[in-house]
Amino acid sequence: MIHIYYGFGKGKTTSALGLGVRASGGGLKVVLVQFLKDNKSSELKSLPFEVYNAPDTLPFNPDSSYQASVDGAINYIKNCNADVIILDEFIDIIDKFISLNDAVELIKSSNCEIVITGHREISELFDMADYITHFEKIKHPYDKGIQARLGIEY
């Protein structure tokens, strides 16, 4: 089945990883592939499942130089034999680093549970999904100029 966690509220990645922890506890093989993130997020140190290595650093505004990283991740996903694949921020690379058609094909060709996070609604993905959860920001410390905090936001 396909799960989508989307919106501008906090908790999309946390929810996806929680599902991954549950699946791993149930004996399923879980893999996390993150996009538009570097490998410095705190949760990566404690996950009980495989994590595809993100770049050590990420440009503030990823450009064409980031394409090789995305291509490597896509190739990894195509050859992955997991029961659950978490594609964190995958929605946000569509039409920038992977075409919508290629993204749909990738999801359709995966013979496992797929968990996708991102910010926007893409009707073709939503039509394919079995679960869709919308995260809406009502209030956030960023609104007061408070920067991301280690262990809470990253």
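A search of the whole structure, which is a predicted model, turns up 1 cavity of 30 Å³ or more, a cavity being a set of points on a 1 Å grid over the protein atoms alone where a 1.4 Å probe fits but cannot get out. The largest cavity holds about 40 Å³ of space, where a volume is the space filled by probe spheres set on the points, joined across faces, edges and corners. Its lining, meaning residues with an atom within 4 Å of a point, includes Gln34, Phe35, Tyr52 and Val70, and helix 2 (residues 67–78) gives the most to that lining, with 3 residues; helices (H or I, at least four residues) and strands (E, at least two) are DSSP runs, numbered from the N terminus.

Local features need pLDDT of at least 70, side-chain atom pairs count only at pLDDT 80 or more, totals for chains, interfaces and linings use all residues, and side-chain values use heavy atoms, with hydrogens and water left out.

Phe35 also touches Glu89, as do Lys37 and Gly118 among others (contact means heavy atoms within 4.5 Å), not counting residues up to four places away in sequence. Glu89 sits in the loop between strand 4 (84–88) and helix 3 (100–109), and is buried at a relative accessible area of 10%, where buried means under 20%, exposed over 50% and partly exposed in between, with a 1.4 Å probe and protein chains only.

Turning to helix 3, the buried residues there are Leu100, Ala103, Val104, Leu106 and Ile107. They lie on the same side of helix 3 because they cover an arc of only 160 degrees around the axis, taken from the directions from the helix axis to the C-beta atoms.

Methods
Residues numbered from 1 in each chain as written. 1 Å grid on protein atoms, 1.4 Å probe; cavity = no way out; pocket = protein on both sides within 12 Å on 5 of 7 lines; lining within 4 Å.
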